[in-house]
Amino acid sequence: MEDKDRYITTINKRIDECHELLEIQASILTDEYMKGMYNGMELILAVIEDREPVYVSKILRNSKQNLNNSQQK
C-alpha cells in the first residue's frame with residue numbers, strides 16, 4: 001500500500017507542477033504560438049483531470065469583459 005500512496009502523491013505533485021507551468025504560460029500569451037502552447041497544455045491537463053478544457057480565447061474574453069465592467073464603474 002505504501003508504494004501506491006507514494007505513486008499517487010507523486011502524480012498529484014506532478015499535476016500541481018503542470019498547473020504552475022500553465023499559469024506561467026498564461027502570463028506570456030504574446031502571439032499565436034504561445035496561445036497554441038497554452039491551449040495544448042490546457043488540453044492535456046483537462047484530459048488527465050477529466051474535465052472540459054478552458055482555452056485561451058475564453059480566458060481573454062473573460063478578462064476583456066472584466067476590464068470593461070471595471071471601467072464602467
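The model is predicted: local features need pLDDT of at least 70, side-chain atom pairs count only at pLDDT 80 or more, and totals for chains, interfaces and linings use all residues. Residues are numbered from 1 along each chain as its sequence is written, and side-chain values use heavy atoms, with hydrogens and water left out. The protein has three helices and zero strands, in the order α-α-α along the sequence. Helices (H or I, at least four residues) and strands (E, at least two) are DSSP runs, numbered from the N terminus.

**Overall figures**

- Of the 73 residues in the protein, 12% are buried; buried means under 20% relative accessible area, exposed over 50%, and partly exposed in between (1.4 Å probe, protein chains only).
- The accessible surface of the protein is about 6,100 Å², and carbon and sulfur atoms hold 55% of that area. Accessible areas come from the Shrake-Rupley method with a 1.4 Å probe, and for residues only the protein chains shown count as cover.
- Among contacts with a separation of 6 or more, 26% join residues 24 or more positions apart; contact means heavy atoms within 4.5 Å.

**Nonpolar core**

- The largest nonpolar core has six residues: I15, L22, L29, Y38, L45 and V56. Two or more residues of this core come from each of α1 and α2 (32-49).
- A nonpolar core is a set of buried Ala, Val, Leu, Ile, Met, Phe, Trp, Tyr and Cys residues joined through side-chain atoms within 4.5 Å.
- In soluble globular proteins, nonpolar side chains tend to be buried together.
- L22, a member of this core, touches Y38, M41, E42 and L45 when residues up to four places away in sequence are not counted.

**Q25 in helix α1**

- Q25 is in helix α1 and is buried, at 9% relative accessible area.
- The Q25 side chain reaches the backbone oxygen of M34 at 3.1 Å. This is a polar contact (a pair of N or O atoms within 3.5 Å; within protein, one must be able to donate a hydrogen and the other to accept it, and residues adjacent in sequence count only if both atoms are side-chain atoms).
- Apart from neighbours within four places in sequence, Q25 is in contact with M34, M37, Y38 and M41.

**Salt bridges**

- The count is four salt bridges, where a salt bridge is a side-chain nitrogen of Lys or Arg within 4 Å of a carboxyl oxygen of Asp or Glu.
- D3 pairs with R6, with the closest N and O atoms 3.3 Å apart. D3 and R6 are separated by about one helical turn because they are three residues apart in helix α1.
- D3 is exposed at 52% relative accessible area, and R6 is exposed at 56%.
- E32 pairs with K35, with the closest N and O atoms 3.5 Å apart. Both E32 and K35 lie in helix α2, three residues apart, about one turn of the helix.
- E32 is exposed at 62% relative accessible area, whereas K35 is partly exposed at 22%.
- R51 pairs with E42, with the closest N and O atoms 2.5 Å apart. Salt bridges that share partners join E42, E49 and R51 into one network.
- R51 is partly exposed at 30% relative accessibility, whereas E42 is buried at 3%.
- E42 is in helix α2 and touches L22, R51, E52, P53 and V54, residues up to four places away in sequence not being counted.

**Surface and loop**

- Y7, I8 and I11 form a nonpolar patch on the surface, together having about 290 Å² of accessible area. Patches are made of residues with over 30% relative accessible area and no salt bridge: like charges are joined within 9 Å, and nonpolar side chains (Val, Leu, Ile, Met, Phe, Trp, Tyr) within 5 Å.
- Y7 is in helix α1 (residues 2-26) and is exposed, at 55% relative accessible area.
- D50 lies in the loop between α2 and α3 (56-72) and is exposed, at 72% relative accessibility.
- D50 has a positive phi of about 55 degrees, although D50 is not a glycine.
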